[in-house]
Amino acid sequence: MAIIFNAVTNEFHLFNDDISYIIKIHPTGELMHLYYGKHLDHRDSFSHLHPLYEKSYVCYPNQGCRELSFDALRREYPDYGRSDYHEGAFSITHENGSIVTAFVYDSHTIYSGKPPLMERILPATYVDDAAKAKTLVIKLIDNISGIALYLQYSIFSEIPVITRSCYFFNEGKTTVNLTTAMSLSVDFEDKEFELLQLSGAWARENQIINTPLRYGYQSIGSTRGASSHQCNPFIALKRPTCTERSGEIYGFSLVYSGNFKAEVFLNYLNQPRLTMGINPHNFQWILQPGAEFQTPEVVMVYSDTGINTMSQTYHRLFNEHLMAKTMRDAMPPVVVNNWETTYFDFNEEKLLEIAQTAVDVGVETLVLDDGWFENRDDEESGLGDWNIDYAKLPNGLTGLAKKLDIMGMGLGLWIEPESVSPKSTLFQEHPQWVIQSPGRKKSLGRNQYILDFTQPQVIEYIFQKMVKIFDLAPITYLKWDMNRNITEPFSASLAKNQQGEFMHRYILGVYSLLNRLTQKYPKMMIESCAGGGGRFDPGMLFYAPVAWASDNTDAMARVQIQKGTSICYPLRSMGCHVSSVPNHQVGRYCRLQTRMDVATFGAYGFQLDISTFDKAKRQTIQENIERYKGMRDLLNTGNFYRVDTGCENITAWMLVSKNQANVVLGVYECLALANPPRQMIKLEGLRPDYTYMNMETETMHGGDELMYRGISFHDESHYYHNEDMLKNIQQLGAGDFTSKVLFFKAVVEENVPV
Ligand code: DGJ
């Protein structure tokens with residue numbers, strides 16, 4: 001890995017073994033983008049990669065330099081207004097109303113390691129060891145206004161990752177208004193791409209959607225005040241021929257939890273321009289002299305070996321360089337969460353019963369969900385006061401935690417710190433603490449308002465409340481929920497001309513509270529949640545290494561949600577629970593084994609009362625939890641593969657240990673087929689020269705055989721419509737919604753380093 005500056009050609013070449021990124025400073029001081037993609041050997045010059053020539057019907061800002069038209073140039077961080085007719089990556093309104101800004105090169109610094117962002121509470125990837133990354137910071141200056149722009153690039157040594165962000169600093173004498181400040185802009189050289197996005201809705205998060213590029217703008221984003229169920233802050237440009245296993249893909253993931261936008265503009269030269277960052281919709285930031293603004297970070301991942309390699313890179317990066325240092329090596333505990341079991345209707349006795357049967361089968365933590373505080377028997381009231389409901393918990397959290405501790409069970413707690421019910425003392429006493437626009441009605445969502453986290457006193461109050469609660473009992477796990485989006489955005493604490501800062505300041509407020517809490521309770525595992533995956537993003541993962549992937553706990557729906565989520569996020573970050581049947585969201589009956597086989601590929605847990613199961617079923621659950629504990633390490637450090645099954649009805653995925661000796665394969669069939677055709681599932685990532693034992697059947701298989709020939713999902717029992725099958729449908733695992741989890745282990749031979 002290196003960042004080379006060629007002072008003769010004025011080119012920067014950032015590269016590691018996999019990727020190259022090349023920038024040139026034009027003699028006028030403009031930054032040109034020369035290349036981003038597969039590694040190029042370093043050369044004396046790369047300037048030929050961007051020949052400049054005069055074009056027809058274009059304008060050019062520099063007299064005597066007709067070939068430098070910004071409309072045609074591939075640019076690093078483009079402005080609007082000086083012959084580039086795309087929407088700019090940034091926009092500044094100057095004191096005199098002008099919107100023209102001309103940033104030109106001033107200086108640069110290259111150093112080892114990766115510094116935190118200037119706004120330190122903004123989450124970002126990090127390295128523990130300076131040898132793991134190099135950073136380039138290019139300073140540009142607008143000579144008229146004195147505004148400085150710092151473009152920051154970090155390249156990682158061992159993974160095909162470059163992160164980008166930028167930072168505006170008003171070194172001038174007048175106040176300016178920043179109305180767009182994207183984190184990056186990347187110009188590509190040809191249009192042969194599809195756009196991959198993760199979109200959906202509540203209970204249908206992260207469906208994989210591919211769209212061909214077309215001329216003009218294509219964008220995804222959120223204006224909800226949260227990254228959203230509808231569009232995850234991730235986008236990729238992939239070649240139309242790119243598959244899971246082969247071809248080029250460029251991933252872009254925004255480390256941010258608020259309003260965002262990712263956009264591709266395909267211009268008349270077939271040069272797509274991708275921008276990503278805070279959504280400019282209603283955004284503005286007042287930059288007074290001496291003030292600064294830091295954009296969130298974008299993580300760019302390149303792969304020329306398919307989508308799956310890109311996913312593996314994101315998984316590794318987020319596991320090793322994003323999640324809180326204090327938490328990243330600790331796997332989340334196996335939990336039992338009482339939500340779908342009891343909803344608001346529980347008491348200590350019921351919780352202890354749930355906990356006792358759960359601990360008996362190996363569950364480690366009881367997560368006490370919504371409803372443990374006063375006036376919370378439904379969604380109507382109670383949020384904001386956070387006083388223990390002694391009618392439900394006569395011994396309080398302290399007593400409950402003690403009893404759980406005796407059982408050998410940890411206590412986790414649900415809280416929704418950002419919300420308040422209209423029927424609460426907090427709201428009665430501080431009505432001005434909720435988000436509202438003067439003189440207008442406040443919209444309700446789930447019967448609640450959102451607290452104005454741009455007001456420091458509001459955060460202070462909630463922080464003190466949380467500390468008071470957490471100091472009552474050893475709470476080892478926190479579920480931080482958020483169940484509605486922002487409406488009537490406005491803050492009484494911000495000046496008239498600062499209201500455009502509201503949405504970003506809100507999310508900075510959320511981060512600042514998370515920052516204080518994680519510093520005070522570094523060992524507390526935080527699971528973030530926003531009605532399921534409404535804020536499942538890298539920004540939250542930085543503070544909360546688990547995210548509740550979806551309120552939809554149906555196993556078949558979850559297969560698609562977890563598969564989509566795995567495009568960008570590591571398995572250990574996905575909260576996945578086994579719930580009861582009929583499923584509460586879709587009414588489907590999936591057998592217990594299938595439900596466990598799906599949830600086991602994530603941060604595992606249960607949302608059902610195990611005491612309702614007979615002895616044999618409890619035994620099965622216990623065995624499955626043991627199985628999960630045995631594969632935890634793989635979940636944390638193994639490579640994940642989405643396996644091509646050749647049909648939509650069957651989904652398969654697998655985990656392979658780094659040394660390729662331990663393998664877990666999960667296969668899920670949605671609808672049973674009569675007389676099913678043979679469907680071969682070819683395993684991935686094994687060593688062809690290893691021999692693997694199927695741990696269930698104890699049969700031996702060559703790694704080459706498993707990968708090149710594969711295995712068949714259907715066994716004999718599916719081929720015949722027989723009496724036996726009908727009588728023993730559960731045991732045989734036949735019918736709809738079936739699954740298999742198979743373990744393979746490399747058999748140690750001489751000279752084979754397993
Ligand atoms: C929404 C979450 O997604 C659920 O898991 C549960 O915690 C409820 N909120 C509680 O109100």
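**View 1. T93, a partly exposed threonine in a predicted model.** T93 has a relative accessible area of 25%, so it counts as partly exposed, a class that lies between buried, under 20%, and exposed, over 50%. The coordinates shown here and in the other views come from a predicted model. T93 belongs to strand β5, which covers residues 90-93. Beyond its neighbours within four places in sequence, T93 is in contact with S98, I99, V176, N177 and T179.

**View 2. An open antiparallel sheet of 4 strands.** The strands follow the order β1-β2-β3-β4, and their pairing is antiparallel. At the edges sit β1 (2-6) and β4 (31-38), each of which pairs on one side only. From one strand to the next, the twist averages 10°. Looking at one pair, β1 and β2 (residues 11-15) run antiparallel and are joined by 5 bridges.

**View 3. Helix α4 and what covers it.** Helix α4 spans residues 348-360, 13 residues in total, and reaches 18 Å from its first C-alpha to its last, close to the 18 Å expected at 1.5 Å a residue. Which residues of α4 are buried? They are E348, L351, L352, I354, A355, T357, A358 and V359. The cover over these buried residues includes the strands β21 (335-337) and β22 (365-368), as well as the helices α3 (339-342), α5 (396-407) and α12 (615-630). After α4 comes G362, where phi is positive, near 110°.

View 4. What surrounds F252, leaving aside its neighbours within four places in sequence? Its contacts are L184, V186, F188, P233, F234, I235, L274, M276, V298, V299, M300 and Y314.

Terms used. Residues numbered from 1 in each chain as written. Predicted model: local features only at pLDDT ≥ 70, side-chain atom pairs only at ≥ 80, totals over all residues. Heavy atoms only, no water. Contact = heavy atoms within 4.5 Å. Helix = DSSP H or I, 4+ residues; strand = E, 2+ residues; numbered from the N terminus. Expected span 1.5 Å × (residues − 1). Buried < 20%, exposed > 50% of the residue type's maximum accessible area, 1.4 Å probe, protein only. Pairing = 2+ DSSP bridges. Axes fitted to C-alpha atoms, helices over the stretch in contact; angles between N-to-C directions.
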